[in-house]
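Dear colleague,

I am handing over the structure we spoke about, with the sequence alongside. Please have it open while you read the notes that follow.

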Amino acid sequence: MTVVVVAAMCALIGSLWMWAVQTDKASLTREENLVRVGINVYAENNARLMAPMTIWSTAVENTAVKFNHTWVADNYGSYFEEYLAYERTFVLDAADKPVFVWHDKAERNPELYSEFKGPVQNMALALRQKYREQRAAHLPFKSRSNAMSGLAVANGHIYMLGASLVLPDEHDERLNQYTPYMVVGVHQITPAELIELAHQHMLADISLVKPGQILDARAARLAFHDVSDETKAELTWMPDRPGQTMFIHALVPVLFVGFSLGAIALLLLFQTNKTARSLIASEARAKHMALHDNLTGLPNRTLFADRLTQATERLRRQGGHVAVFCIGLDRFKDVNDTLGHSAGDELIRVSASRIAGMIRSGDTLARLGGDEFVIIQTDTDPSSAAALAKRVLENLSGNVTLESGQVYSSCSIGVTLLHEGDIEAAEALRQADLALYRAKESGRAQFAFFEVEMDATIKLRKQLETGLREAIHVEAIEVVYQPQVDHYGHIVGVEALARWTHPTRGPISPAYFVPLAEECGLMMELGTLIMKRAMLDSKRWPGLKVAINVSATQLRSPRFMPELKALLSETGVEPRHIEIEITEGVLLNDDTSTQHTLNALRQMGFSIALDDFGTGYSSLGYLSRYPVDKIKIDRSFVSNLGVDPDAEAVIRAIIKLAKALNLNIVAEGVETKAQRNILRQAGCAIIQGYLFSKPVAVGEIDLMRDAQPQAQVTHINRARARHVGVLRG
C-alpha cells in the first residue's frame, strides 16, 4: 500500500509540474502579445491625433499648392513636437520625397530622413494605395482612414511612426486635383513609457536592451527587426509564472494528502480509536460551524449576539462604554462581477485578517455575511472608538494583490457608542448599520457615528422610495422638454427631462430621485416610462429630433433592447426621430456588450449623442471606437465664457475636433447673449439653455413651434446654410 501511495504521489506531482510548465508558457505568450499590441495601439492612437492638422484646406494651400516653409514649421514641426511628442517630423511631396525635415526644435537637412526611409516608404505606399482605392470608389477619405501607424528600429531604439495625408476638409475641386502631400511623425519610445505600458498590463517593468546582451535566463525577450529582418532592439522583463506559483501552493496539500493516506493505512489497525476520535472531532466541528463563519473562521451572527449580550451585561454592572462597529467594503460587488466570486472570497479573507490584527484580544470581530464585518470594542470611549475606526480605514485602503489580479479596496464604517446596558443586540446593530449607510452616502472611505436624526433620514428615504415606486407604477412621472435652437432662435430639437412631484413633499429634484431609482433597482422601469412618453410626444413635432437620456444601467441590462423594440412597435415611432443621449460613464469600462448595444442602436436608425463632453478624461479615445453622432459641450465650460479665457480655448478645440471627426455639436447651459455670440463665432451652430427657454411642458413646445411661420423658417434655414459656409471657409 505504501508503494502504491508513493507512486501515485509521484505521478500526481509530475502531472502538476507539466501543467505548471504549460501554464507558464501560455502566460509568457500572452504577455508578449500584450506588450506588442500595447505599443502598436499607442502608436495608432497617436497617429489618429494627426488628423485635425492634416485634414485641413489651409494645409493643402501651404503644401501641395505652394510650399510654405514657415507655415509647415509652425503647424507640423513645432506643433507635432510639442503636443504629439513627435521628436522628428517629415513632410513628403507627391512623389514621397522629403521636402521638410524637423528635429530638435528646428528644420534640419533632409539627409536625416535616410535613417527612417525604409519603413516610411512602406507606410507611404500603403496609405496612398488606400487613398486611391477610396477615391476610385467615390468614398470620403475621413479622419479615421487618413491615419497609419507603424514601428521602426534604429540605433538600438524603437520608434513609433504616424503618417497622414494632407487633404482638404471640404469639397473643393481645385484642391482635390493636387496629389496629397504626406506628414510623418517619429517618436522614440522612452523608458518611462515602457514602464507605464508595463503598469497598464500589470507586468514587471519593461526595459530596452541591445541585441545579444546577456540577461537572466528567466527573463522574457521581445525582438524588433529592421526592414532587412535583422534584430536591432529587444525588450525584456521578468514574466509572471502562475504555473510555478500554483505548483508550489499545491505541493504542500499533495504531500499532505499522500502522508494522510499512508497514515490512514496504518490507522486501519486501530479502527475503534479512530472512530471514537472522529466522533469527537465531528462534534467539535459542528459546534464551531454553528458559531463561526465558514469562509473566514470568524464568529458569526449568533456568536456576535452572544458576545454583545455579555458586553452589555458588564456595561450594566460596571458602567463605561461599548462601541459596535459595522464595516462594509466599498464597491465589493464590482470585484465579484469583474474578477469572480473566488476573488471576492479571497478579498473577504484578506480583509478579515487585516482587521483581526488591529483589535485587542478582549474585543470581538465577527462576519455577518457578504462584505459586512462587525467589531465589539469593550472598555472604550469616543476617542478610542474613533482611533480604531481610523486605523481600520487606513489599513483596509489601498491595492490588494489577489490570485486573479490586483484590486483597490477601501471600506466605510458606522459606529454606535453604547453607554446603557439594556439595549438589545439587534438595536445596537441597527444603529451601527444606519451610521454605515451615512458614511457610504457621504462618499465612502470614511466613518460616521450614530446620531438620533439618522432614523429620520432613513425614514424619509424609505418614504421617497415608496413614493417613487408608486409614481412609476401609476405613471405619475412628468416629462418636460428643453428646446435646442440655432442662433436664429429656430427650434431644431428638444431634450426630454423627467420631473416628479411627491404628493406631500412637493417637487423632488432629478439629481435626487434618478440616483434613488438606480439604488432601488427602478432605473429600467423609470427609463422605459420616460422613453414611452417622449416617443409619443415626438409624433406631435415632425422634423424635430427628441433626445432621451439613457443610463449605464439601462444600456447594460438584457431587458433594454427587447423593451425598446416593443416601445417602437407600440408607439409607431421611427428611430430616426429619436436621439439617444449617453454620458461618458457609460463608456468607461470599454466593454464589448456596451459597444454591441450602441452599434445595434445605430443600425436601427437612432442617432447617439455624448452628453457632458469634456468633463471626463477619456472621451477623445472613445470617439474613434464608438458610433457617436453628436457631442454636447458641458455647461461648466459654457458658463465660464467671457470670464475665463481658457474656457473659450477649450470650446474652440472641442469644436475643431468635432468638425475633423464630422460630429454635430450642441452647447448646453447657454444663458447670456455674450455666450451665444462667442459660440457662434467659434462655429457651434446649436445651443440649449435658459437664454432661449427653460424645460417646459409639451403644449408650450407646440406654441413655440406655431409662433415660427414657415416663411421665417425657410429664411432662417437659408441664412444658417450661408453662416455654416462662412464658418467652414
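Strand 24 and strand 25 (residues 686-688) pair in the parallel sense, with three bridges between them, where helices (H or I, at least four residues) and strands (E, at least two) are DSSP runs numbered from the N terminus, and two strands count as paired if DSSP finds at least two bridges between them. Within this pairing, E668 has Q688 of strand 25 as its bridge partner. Between these two strands the chain passes through helix 24 (residues 673-682), and the resulting β-α-β crossover is right-handed, a term that applies if, with the strands pointing away from the viewer, the path from the first strand over the helix to the second runs clockwise.

Please keep in mind that this is a predicted model, in which local features need pLDDT of at least 70 and side-chain atom pairs count only at pLDDT 80 or more, while totals for chains, interfaces and linings use all residues. Residues are numbered from 1 along each chain as its sequence is written, and side-chain values use heavy atoms, with hydrogens and water left out.

Strand 24 (residues 664-668) also pairs with strand 23 (residues 630-633), again in the parallel sense, over four bridges, and there K632 stands opposite V666. Because four of its five residues are buried, strand 24 is largely enclosed by the rest of the structure; buried here means under 20% relative accessible area, exposed over 50%, and partly exposed in between (1.4 Å probe, protein chains only).

Strand 21 (residues 578-583) is likewise mostly covered, with five of its six residues buried. Four bridges join it in parallel to strand 20 (residues 545-549), where A547 is partnered with E579, and five bridges join strand 21, also in parallel, to strand 22 (residues 607-613), with E581 opposite A609.

Strand 5 (residues 157-165) and strand 6 (residues 182-188) run antiparallel and are joined by seven bridges, and S164 stands opposite V183 in strand 6.

With best wishes
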